[in-house]
Amino acid sequence: MSTAPDIRTELDIRTDPRDPRYPAGPRLFSRLLTRQLFGTSRRQNPAEFMQSVARDFGDLTHYNIAGRHFYQVNHPDLIADFFTTDAPHHHRNLVMQRSRDVLGHGLLTSEEPLHMRQRRLAQPAFLRSRIASYADVIASYTNAQMRRWSNGSTLDLHREMLELALRIVGKCLFDLDEINDLHAMESAVSSFMYFMPLSFVPFSRLVQASPLPAMRRLRAGQRYLDELIYGVIAERRRDPRDRGDLLSMLLQATDAEEGAATNAAISMNDTQLRDECVTIILAGHETTANALSFALHLLAQHADVQQRLRDEALAVLGPDRPVTADDYPKLKYATQVFAETMRLYPPVWVTARMCAEPYQIAGFTIPKGAALNAPQYALHRDPRWWTDPDRFDPDRFTDGAKQGRPRYAYFPFGGGSRQCIAEGLAWMEGTLLLAMLARQFRFTPEPGAPENIPISPSITLRPTHGVRLSVDRT
Ligand code: HEM
């Protein structure tokens with residue numbers, strides 16, 4: 001996707017009237033009390049909370065939770081700084097730091113300079129030429145999944161998309177034709193996702209070592225994935241042919257920059273490979289599945305958009321030919337639908353960091369240890385950049401429409417040196433999959449289903465109760 005030009009606009013920065021050292025923000029205790037006493041509004045989820053803070057207090061906001069400083073940046077210019085000039089002052093946030101217990105030191109959790117080195121090594125696996133071959137995987141696995149759907153049935157499409165995305169990542173990463181034990185893999189991955197927000201609570205290490213069922217599942221999941229991944233790595237070391245998958249690329253990767261100093265090729269050891277594989281499974285599975293599930297929900301709610309998507313899919317792909325990577329750039333409307341879905345329901349709904357050393361934003365000093373949030377959810381629904389922001393309208397993403405917005409009014413894949421390494425793959429996967437699904441099936445909501453789907457913002461943004469739709473062959 002081409003990006004919008006850099007348009008800079010005036011910032012709305014306000015000072016806290018009670019303490020000029022801080023930017024304005026809500027007093028959480030009084031807010032909570034008012035709500036308890038007067039029931040002034042329904043309970044907000046964290047994504048809606050950040051959206052309301054941005055709306056009520058300006059472009060840089062501050063609040064205290066349990067004695068900890070939180071700063072939230074709500075303007076595209078500040079988001080641009082967050083990802084570029086301010087990034088050297090940041091560490092990974094607390095959740096990512098504690099997630100090293102299960103993820104190790106992969107791309108998501110590592111700090112510089114390790115992160116940069118690993119990124120250099122992993123980058124070739126995600127180049128355009130390489131990911132083109134994954135289109136065949138996407139096509140055949142999507143066809144296989146659709147064959148299991150009986151005409152006229154009602155399905156939880158969120159479950160279906162989670163399963164499909166996991167099969168696709170298993171094949172693209174390891175060339176696993178059939179994940180032997182999909183259930184074990186799913187439960188390992190979901191126990192990890194369950195653990196990540198928990199890592200925020202005090203004494204989480206004690207909780208993790210406890211005999212609680214969820215923690216037992218976490219440890220079993222860790223053992224299962226370790227066995228699987230180390231097994232595949234050992235087999236590949238014995239027979240290092242290129243299988244065309246991500247792991248082959250990671251195994252071949254050598255760091256010329258570091259190697260130059262020692263005159264030897266530097267590559268990843270088994271632990272680093274394991275950490276990157278677990279990271280890719282986790283980062284590549286739920287994000288994609290959630291985006292696709294929300295897209296299907298929106299398509300079911302908007303029959304006109306669904307029909308336009310189907311018309312394009314039939315025009316580009318014909319009625320039954322398998323898709324290829326060459327189809328991807330021609331499926332312009334499908335890409336717009338995927339883009340607009342991630343505007344309304346960004347799978348990564350907030351980018352969080354921790355302040356590593358004091359620095360200034362808009363004249364305010366950010367103290368060491370403060371939490372920093374750049375909320376995709378709030379920026380993507382800010383009426384300054386999006387007219388009628390809650391309306392689903394894929395035409396916001398025509399080339400012309402994109403020109404009028406600042407680069408960081410929209411950032412589902414983050415930015416700067418930590419921008420999603422697989423962004424190209426994710427766009428291709430989302431676009432091809434949506435076109436294939438709309439070509440074959442019509443999706444309709446269950447009678448009485450709410451138009452606004454309940455959401456759960458945790459590590460990723462999920463549909464709280466899944467996405468139940470009826471599926472009919474076209
Ligand atoms: C719609 C799908 C996806 C979305 C919305 C998404 C979003 C993101 C975002 C926002 C980040 C940056 C996080 C941060 O700044 O802290 C990120 C990082 C990452 N993503 Fe994705 N992602 C998607 C799909 C994938 C896929 C398919 C893979 C792998 C196959 C993947 C692998 C990664 C990795 C390894 C990182 C860490 C990069 C680094 O720190 O250098 N993602 N993703």
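Of the 474 residues in the protein chain, 55% count as buried, where buried means under 20% relative accessible area, exposed over 50% and partly exposed in between (1.4 Å probe, protein chains only). This is a predicted model, in which local features need pLDDT of at least 70, side-chain atom pairs count only at pLDDT 80 or more, and totals for chains, interfaces and linings use all residues. Residues are numbered from 1 along each chain as its sequence is written, and side-chain values use heavy atoms, with hydrogens and water left out.

**View 1. The whole chain, before zooming in.** The protein chain has 20 helices and 12 strands; these are DSSP runs numbered from the N terminus, with helices being H or I over at least four residues and strands being E over at least two. Now for the contacts with a separation of 6 or more: 73% of them in the protein chain come from residues 24 or more positions apart. Contact here means heavy atoms within 4.5 Å.

View 2. C420 itself sits in the loop between α19 (399-402) and α20 (423-440).

View 3. R119 puts a polar side-chain atom 2.7 Å from an oxygen atom of the ligand. For R353, an N or O atom in the side chain is 2.9 Å from a ligand oxygen. L107 uses its backbone instead, with a polar atom there 3.3 Å from an oxygen atom of the ligand.

**View 4. The shell around the ligand.** There are 23 residues around the ligand, and R92, H115, R119, R353 and C420 come nearest; a residue is near if one of its heavy atoms lies within 4 Å. Which element gives the most to this shell? That's α15, with five residues. Sorted by class, the shell has 13 nonpolar, six polar and four charged residues. For that sorting, Ala, Val, Leu, Ile, Met, Phe, Trp, Tyr, Cys and Pro are nonpolar, Asp, Glu, Lys and Arg are charged, and the others, Gly among them, are polar.

**View 5. S293 in helix α15.** S293 lies in α15, and S293 counts as buried because its relative accessibility is 0%. Its side chain reaches the backbone oxygen of A289 at 2.6 Å. Leaving aside residues up to four places away in sequence, S293 touches L157, H158, M161, P463 and V467.

**View 6. Q145 in helix α8.** Q145 is part of α8 (residues 134-147) and counts as buried, because its relative accessibility is 1%. The side chains of Q145 and E160 make a polar contact at 3.0 Å. Beyond residues up to four places away in sequence, Q145 touches E160, E163, L164 and R167. One of these, L164, is 19 residues from Q145 in sequence and 6.8 Å away in space, C-alpha to C-alpha.

**View 7. Strand β4 and its partner β12.** β4 pairs with β12 (residues 468-473) in the antiparallel sense over four bridges; strands pair if DSSP finds at least two bridges between them. In this pairing, S153 stands opposite V471.

View 8. Most residues other than glycine have a negative phi, and most peptide bonds are trans. The peptide bond from E112 to P113 is cis, with omega near 0°, and P113 is in the loop between α5 (100-103) and α6. A66 has a positive phi, near 50°, in the loop between β1 (60-65) and β2 (68-73). A66 is exposed, at a relative accessible area of 83%. A362 also has a positive phi, about 45°, and sits in the loop between β6 (359-361) and β7 (364-366). With 41% relative accessibility, A362 counts as partly exposed.

Key: Polar contact = N/O pair within 3.5 Å; in protein donor to acceptor, adjacent residues only side chain to side chain.
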